Amino acid sequence: LAYGQGHYVATSDVVNSWFMDVTEWKALNKFANDFPSATMYRDLIDTMLAYGYESDNLSKAGWAMSTSSNNTFTNHACHDDEKNTGPALRVYHDENGNEPGFLPPLQRRPEITGIITMALLDIKAGDEIKMDYRDFRTDMQHHPNFEDFLSNSVCKEKNGFVPVENKKPSHIEF
């Protein structure tokens, strides 16, 4: 197995993410709106909206995007039965479903809680890794364009999928 059910998937991804806090995100959007001829800034926003995720945890709020990590190669699961990874919610709760309270490792590295994923099923080497990209948004009602992007561009037109290669990734130990 590459990842057994319940195991974390690529915990080193946090070092390969790009993060913009809320202030930077608002400033970027204002600049792009004030100067529409600066199209690369709009492209940057569109890229973050398509491939990034909202991060709002343990005093670190904003937008993040995996740049060169396992999450970069995780495709969207268009249907629930395709999901084999998902958010590692147990980071926030103990085995009884209770919030554990103050946890020094999480307080020191709050960004870990926003991007770490967990295998929902056993994943073998060569399997396509998929998760529901809706998990990247804290409230989908605030992002109707993202829902449209997923339904049409990704699921219907198959844009943006990473091809599956049957070879052992160099960063996974078996």
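Student: What makes the side chains of Arg134 and Glu147 a salt bridge?

Tutor: Keep in mind that this is a predicted model. Set the value against the cut-off. The N to O distance between the side chains of Arg134 and Glu147 is 2.8 Å. The rule asks for a side-chain nitrogen of Lys or Arg within 4 Å of a carboxyl oxygen of Asp or Glu. So Arg134 and Glu147 form a salt bridge.

Student: Why does this pair tie together parts that are 13 residues apart in sequence?

Tutor: Look at where each partner sits. Arg134 is in the loop between strand E8 (130–131) and helix H5 (144–156). Glu147 is in helix H5, so the pair links that loop to the helix.

Student: Are Arg134 and Glu147 buried, exposed or partly exposed?

Tutor: Buried means under 20%, and exposed means over 50%. Arg134 has a relative accessible area of 24%, so Arg134 is partly exposed. Glu147 has 27%, so Glu147 is partly exposed too.

Student: Which residues are joined with them into one network?

Tutor: Salt bridges that share partners join Asp132, Arg134 and Glu147.

Student: How many salt bridges does the rule give?

Tutor: The count comes to five.

Student: How do you know that Lys30 and Asp34 meet in a salt bridge?

Tutor: The N to O distance between their side chains is 2.5 Å. The limit is 4 Å, so the pair of Lys30 and Asp34 counts.

Student: Why are Lys30 and Asp34 separated by about one helical turn?

Tutor: Both belong to helix H1 (residues 22–34), and they are four residues apart there.

Student: What makes Lys30 exposed, and Asp34 partly exposed?

Tutor: Lys30 has a relative accessible area of 52%, which is over 50%, so Lys30 is exposed. Asp34 has 41%, which falls between 20% and 50%, so Asp34 is partly exposed.

Student: What about Asp80 and Lys83: why is that pair called a salt bridge?

Tutor: Their N to O distance is 3.9 Å. That is within 4 Å, so the pair of Asp80 and Lys83 counts. Asp80, at 59%, is over the 50% mark and therefore exposed. Lys83, at 26%, is in between and therefore partly exposed.

Student: Why is Met65 called buried?

Tutor: Its relative accessible area is 11%. Buried means under 20%, so Met65 is buried. Met65 lies in strand E4 (residues 60–66).

Student: How far is Met65 from Tyr53 in sequence and in space?

Tutor: They are twelve residues apart in sequence. In space, C-alpha to C-alpha, Met65 and Tyr53 are 6.3 Å apart.

Student: How do you know that E1 and strand E7 pair?

Tutor: Pairing needs at least two bridges. Two bridges join E1 to strand E7 (residues 117–119), so the two strands pair. They run antiparallel. Val9 has Thr117 in E7 as its bridge partner.

Student: Which strands form the open sheet, and in what order?

Tutor: Three strands form it, in the order E1-E7-E6, with antiparallel pairing.

Student: What makes strand E1 (8–9) and strand E6 (85–87) edge strands?

Tutor: Each pairs on one side only.

Student: How many helices and strands does the chain have?

Tutor: The chain has five helices and eight strands. From the N terminus on, they run β-β-α-α-β-β-β-β-α-α-β-β-α.

Student: What share of the chain counts as buried?

Tutor: Of the 174 residues, 36% count as buried.

Conventions
Residues are numbered from 1 along each chain as its sequence is written. This is a predicted model: local features need pLDDT of at least 70, side-chain atom pairs count only at pLDDT 80 or more; totals for chains, interfaces and linings use all residues. Side-chain values use heavy atoms; hydrogens and water are left out. Buried means under 20% relative accessible area, exposed over 50%, partly exposed in between (1.4 Å probe, protein chains only).
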